[in-house]
Amino acid sequence: MALLQISEPGQSATPHQHRSSAGIDLGTTNSLVATVRSGEAVCLPDEEGRSLLPSVVHFASSGRLVGHQAEALQNSDPMNSIASIKRLMGRGQEDVSRLDDVRPYEFVTRADSSVPRIHTRGGDFSAVEISAEILKVLVQRARQSINSELDGVVITVPAYFDDAQRQATRDAATLAGLNLFRLLNEPTAAAVAYGLDQNADGLIAVFDLGGGTFDISLLRLNRGVFEVLATGGDSSLGGDDMDHALGEWIIAEAGFSDVDAGLARRILLAARAAKENLTCAESTQITIDDRKHQWSATITRERFNELIHGLVAKTLTACRRALRDAAVSKSEIDEVVMVGGSTRVPLVQSMVAEYFERKPMCDLDPDKVVALGAAIQADILAGNKPDSDMLLLDVLPLSLGIETMGGLSEKIITRNTAIPVARAQEFTTFKDGQTAMSVHVVQGERELVSDCRSLARFELRGFPPMTAGAARIRVTYQVDADGLMSVSAEEITSGVAAEIVVKPSYGLTDSEIESMLRASMDHAREDIELRMHKEQQVEARRVIEAIDAAMKQDGEALLTVDESASIEKHRHSLESALETADTEKLRRLVRALEEASEFYVARRMDNSVKQALAGKQIDEVDV
Amino acid sequence: MAIHLSDKAASRVQHFLQNRGKGIGLRLGVKTTGCSGLAYVIEFVDELQEGDEVFETKGVKVVVDAKSLVFLDGTEVDFARVGLNEGFQFKNPNARDACGCGESFTV
């Protein structure tokens with residue numbers, strides 16, 4: 001007997017034509033899958049009623065385990081039980097060695113790929129492959145729960161995920177055999193779960209405190225478009241730190257001096273249980289009882305609050321910084337959304353409420369809220385809503401630019417542009433007879449390419465030689481709804497074209513990505529000054545280049561020795577100052593050289609006119 | 001002429017309506033389609049159509065168009081959970097034969 005769901009008016013599907021979809025929160029510690037049933041977003045539990053799937057994959061010599069069973073094997077077999085794989089998504093070999101919070105897995109690289117793989121008993125696997133294993137389990141659960149294949153899924157990613165990390169997530173979806181409708185930013189999903197996207201506009205703070213990470217995101221909603229104003233946080237701050245703080249208190253109170261790994265683990269488990277009890281109770285009993293140690297005490301919520309006060313205060317410091325980055329004041333925030341299991345802690349709720357001077361939204365289960373928002377978005381994209389005018393848009397987290405002469409980044413699509421988007425800009429050649437141009441795609445807010453992230457490089461070759469500045473090269477940047485980009489370049493007069501899809505080169509750590517935005521603000525002034533300096537250098541080189549070319553051609557014929565020496569003198573003082581002079585001095589020297597050679601330019605003009613007319617009858621000249 | 005909701009079904013419908021935040025009731029109906037001829041329709045109702053009949057059962061307004069009512073008279077709608085799946089089930093005395101999946105039927 002079929003089990004039917006209530007549809008929106010007029011949206012009943014014909015039998016076997018149900019459009020099913022799911023939203024997936026692919027988390028660092030835990031993952032969830034949710035779907036919309038009879039108009040309500042619900043997280044789908046497994047056979048034992050558990051919604052959370054630990055994001056741990058265990059590789060045995062035959063087969064693999066995902067979730068609770070894999071998590072249980074983490075202590076006894078850490079090298080073959082891979083956890084927190086999300087931290088490695090989109091990362092290259094050199095990044096892996098820099099990530100100190102990643103377990104000491106054994107990494108191997110193959111000659112044919114730059115992607116690091118983790119060596120396990122069951123083989124070598126990349127982060128994408130391991131994430132795909134988690135996705136497969138979630139989707140299998142969804143298929144059973146919906147009793148149908150999925151038409152598509154929405155997967156959430158942190159707002160600060162860059163292109164490489166998004167691409168890796170997308171690859172994992174493909175590998176798991178999923179039709180990915182799109183990737184959705186986690187804070188945006190949380191806002192959607194609370195229906196905030198139904199409002200016309202507003203400023204939303206999403207406070208996400210999980211087990212091991214803290215993220216604060218400021219979103220501006222403007223006519224259905226969520227714009228990420230700022231992100232911040234701490235990639236190693238979360239509920240686990242509260243357990244540690246309480247654990248240290250236990251050790252101090254009990255006077256344990258011989259804490260080995262086993263006892264430490266028992267203490268942490270007791271601490272976590274006590275923390276969870278204190279969410280509702282004013283006090284709770286902590287008992288440590290093994291063969292060697294017997295200890296028991298009561299802890300009040302007040303005492304616990306004192307222990308974790310510093311940790312919670314740290315999150316508020318990050319909030320303050322994010323507000324400053326976004327240049328908004330606390331009073332402008334319309335809603336504060338709580339995400340992540342650790343926001344259940346009463347002190348977190350009260351301190352956040354006090355800081356933002358409003359009651360945060362925490363009616364939905366903070367562990368599930370991101371998955372629920374993703375499910376709502378997936379349901380819309382599957383076509384289950386009628387006159388759905390709310391097709392959620394996201395924005396680019398970082399600007400996309402192109403390298404121009406002097407190592408400067410010219411931004412083609414600025415950050416916070418709603419995607420999908422396509423923008424084109426025309427460039428030209430720098431040298432006479434230039435027949436190729438290198439297109440270097442960079443991401444970031446800084447003015448210098450060396451401070452931005454390099455995404456891709458390709459060359460447009462084989463357009464006809466022209467004088468400098470005559471070629472018209474149109475470069476088009478396109479970003480699809482998932483935030484993934486393609487770049488094309490075309491020389492318009494000849495039609496020579498080249499195109500690439502950006503398969504980003506891997507290269508940044510979490511904190512680097514997060515600090516990129518901050519750095520762009522901190523360095524705004526010096527960046528601009530540096531940019532002006534570089535531009536002046538480029539201009540100086542262009543003038544020298546032009547003078548040299550002219551002198552070579554007709555310098556001897558048109559200039560006296562004195563004239564030539566005078567131009568040469570100015571040229572020399574400019575060239576020798578090129579690397580050392582400040583912007584203003586360079587500008588003066590460029591102007592001096594231009595003035596000193598003005599008469600020469602005029603004489604060349606006359607001369608070329610004379611040459612064009614020489615030996616011709618008046619009626620041969622086209623006038 | 002009547003259509004019944006089980007207690008479970010009625011409470012789920014009320015829950016879903018409340019969660020949706022709008023809608024006056026539950027539309028039940030049939031449409032000609034599917035592998036065995038007729039398929040069930042189960043939708044939220046925002047406004048009544050001409051020819052709609054409205055029953056009030058267990059606090060839920062059930063809306064059925066006159067044409068569908070012929071095929072649904074005496075039906076009881078239940079809410080069931082099978083394995084991980086859950087949803088509404090039609091127990092229809094008029095249905096003579098259903099396709100394997102039960103999504104469509106003949107009378």
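1. A term to start with: two strands pair if DSSP finds at least two bridges between them. Helices (H or I, at least four residues) and strands (E, at least two) are themselves DSSP runs, numbered from the N terminus. With that in hand, look at strand S14 (residues 214–222) of chain A, which pairs with S15(A) in the antiparallel sense over 9 bridges. In that pairing, A:Phe214 sits opposite A:Asp234 of S15(A).

2. Before going on, a word on what you're looking at. This is a predicted model, where local features need pLDDT of at least 70 and side-chain atom pairs count only at pLDDT 80 or more, while totals for chains, interfaces and linings use all residues. Residues are numbered from 1 along each chain as its sequence is written, and chains are lettered from A and ligands numbered from 1 in the order in which they are written.

3. Back to the sheet. S14 and S15 belong to an open sheet of 4 strands in chain A, ordered S15-S14-S13-S18, with mixed pairing. Its edges are strand S15 (225–234) and strand S18 (335–339), each of which pairs on one side only. From one strand to the next, the twist averages 20° (axes are lines fitted to C-alpha atoms, for helices over the stretch in contact, and angles run from 0 to 180 degrees between N-to-C directions).

4. Now for helix H8 (residues 301–326) of chain A, which packs on this sheet and touches strand S13 (201–209), S14 and S15; contact here means C-beta atoms, placed from the backbone, within 7 Å. The directions of H8(A) and S15(A) make about 140°. H8(A) also has a kink of about 50°, centred on A:Ile308 (the bend at a residue is the angle between axes fitted to the seven residues ending there and the seven starting there).

5. A:Ile308 is also one of the buried residues of H8(A), among them A:Phe304, A:Leu311 and A:Cys319. Buried means 20 or more other C-beta atoms within 10 Å of the residue's own, exposed 12 or fewer, and partly exposed in between, with C-beta atoms placed from the backbone. The cover over those buried residues includes S13, S14, S15 and helix H6 (239–254).

6. Check some backbone angles too. Just after H8(A), A:Ala327 has a positive phi of about 55°. A:Ser38, in the loop between strand S2 (30–37) and strand S3 (40–43) of chain A, has phi near 45°. A:Asn147 is at about 60°.

Note on methods
Contact = placed C-beta atoms within 7 Å.
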